[in-house]
Amino acid sequence: MHPMTGPAAAEPPVGDGTVTGTRRIRGALRPSTLVVGLIILTGTLVLALIAQVVNRGSDQRLVNLQVRQAATALAAALPTSQTEMVDGLQVARATGSTAAFKQFMTPHVGRAGFASVSLWRRSGTAVSMEALVGARPALAGDGRADSFLTSIAPSPQLSVAGLLADGPAQRIGFAEYPPGDQDLVVYAETVVPAGHHLDVPRTSAFSDLNFALYLGRSAAPSQLIESSVPTPIRGVRSLATVPFGDTSITVVGTPTTNLAGALSAALPWIVLGAGLVFAVGSMMVAEYVSRRRTQAEELARENERLYLEQRSIASDFQQALLPDLPRFDGLEVGARYIAGTEGLDVGGDWYDVIQNGPRRCTFVVGDVCGHGLKAATTMASLRFASRAYLAEGADPASLLERLGHLEDLDDDTFATVLVGTVDLDSRRMVVASAGHPPPLLLSDSHASFVPLTPTAPIGVERARPEPLTTVVPDGAVVVAYTDGLVERRGEAIDVGLERLRSIRWRDGASVEEILDRLVATLLPGGAGDDTALLAMRWQGGCSNGHHSDARADLSNATGADRVGGR
């Protein structure tokens, strides 16, 4: 089954997946949106409550101030009545005439002042009324005149009798009995307004307040004198007391409007309205961002699926271009191909092992510069051309020379290639390099590079490489590789080669173990570039003389750990 016609190709494209996800989430708000809305609404309510508290506090302070001012004005007016009563009493005492008393007090009785003013004479526990101006006192009808007027002591302050019933109405009675040599007492009453109604003129300095006046030091309903609103007063209010003779008058005030101003009163509603608008706007933004994030996540998952699919296709294609390794008696062969982690394109790295005789084989390891289809097709051309030239009997040097004449190589394309021919019986290896890193030889826990003299890479210039012939010790391992194993960005390649040579090996390690160790040590996080590895171990018995000759031949060839002239 072709990769693009398999199950992965049947999945919906990115656009369809996004639209489907959008339709799926369109019907309900996301939890994150609800959380954002709840937080903003909670904050809005808190701010609105704070604004309300601040407004009520400002209103309360202004009410307290105005009620105290009203009480001060009332306290300033009360002594006037007391002064009029004292003056009338002094006239009566000075003249001894009740007519003079009446004449003096008449202007102060009626609509302008008292409801009645009377002059009483005390005699022991009884009193008698000497003169009366105005209506009959409610105190006389109440039968309390004797007890009240005889109980008061001479004092410069008023003696208040309290609220007195006058039919359906009420009066307030109070007496003045200043110290002196006569037993005369002046007593006056004022009328409590019908229904206890108090009218605050609009021209008054206190027209923005409603008041209730109570006799005594508390706002007891039974002691209500007058009020401009129904009592008891609720809400924002303030109390103040005014001295009134031997008792007090309690003033209760409440505002008729918001004293702090219309803006202060409307501020909680402004905050609430603005908060609701902000909450709705924020929820819309949060919902939009959340939905876009969901769509982005779906796109990311789809892109990841496509990336893995394309990477799998590239890897499968690359693996399809690589051959299956043949099996030889006396030669253990293993290979690895590690795809680069950067990008999805196929690469130009390859390895190949071709049998060209009963006990002979040739290995090829190469690396075409670049990635993509061009590098892959160039790699395939070089690989198949190598097989064709070897079938014609080409040796490693002539093979590389003939590869340089391929017409498939463009001016901007080049490749490094390592070719080696192995004779299993004599353990002789002939290798040649066209710009390729030297192979690593592992023998008796000793690692060294085969000292090749490489020519320029194929495609750079046409030259016949200089082959190197060496005898490989029995049990030795030759490792050929591409530069992805040792080359690192920003680092000289000699550093990577030394890192490879310095790896410690377990004696008797198999080819597969050696390859696994190379990959784990040098490519722990994956390869940054495509990497091809090929390892071969010579097996089988040989005489000690042959073994010694091989070691000597290798020692002469390598010149310690010299690497291709480095």
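Val 333 sits across from Met 536 of strand β19, in a predicted model where local features need pLDDT of at least 70, side-chain atom pairs count only at pLDDT 80 or more, and totals for chains, interfaces and linings use all residues. Residues are numbered from 1 along each chain as its sequence is written, and side-chain values use heavy atoms, with hydrogens and water left out.

Strands and helices here are DSSP runs numbered from the N terminus (strands: E, at least two residues; helices: H or I, at least four). Strand β10 (residues 331-338) and β19 run antiparallel and are joined by eight bridges; two strands count as paired if DSSP finds at least two bridges between them. Strand β18 (residues 477-481) is also antiparallel to β19, this time with five bridges, and there Val 479 faces Ala 535 of β19.

As for β19 itself (residues 531-538), eight of its eight residues are buried, buried being under 20% relative accessible area, exposed over 50% and partly exposed in between, with a 1.4 Å probe and protein chains only. Thr 531, Leu 533, Ala 535 and Arg 537 point one way from the strand, while Ala 532, Leu 534, Met 536 and Trp 538 point the other way.

Zooming out, β10-β19-β18-β15-β16 is the order of an open, five-stranded sheet with antiparallel pairing. Its edges are β10 and β16 (446-449), each pairing on one side only. From one strand to the next, the twist averages 15°; angles run from 0 to 180 degrees between N-to-C directions, with axes fitted to C-alpha atoms, for helices over the stretch in contact.

Helix α9 (residues 493-501) touches β15, β16 and β18, and its direction makes about 150° with that of β16; contact means heavy atoms within 4.5 Å. Helix α10 (residues 511-522) touches β10, β15, β18 and β19, with its direction at about 25° to that of β10.

Elsewhere in the chain, Asn 210 belongs to strand β6 (residues 209-215). Asn 210 counts as buried because its relative accessible area is 17%. Its side chain makes a polar contact of 3.1 Å with the side chain of Ser 228; such a contact is a pair of N or O atoms within 3.5 Å, where within protein one must be able to donate a hydrogen and the other to accept it, and residues adjacent in sequence count only if both atoms are side-chain atoms.
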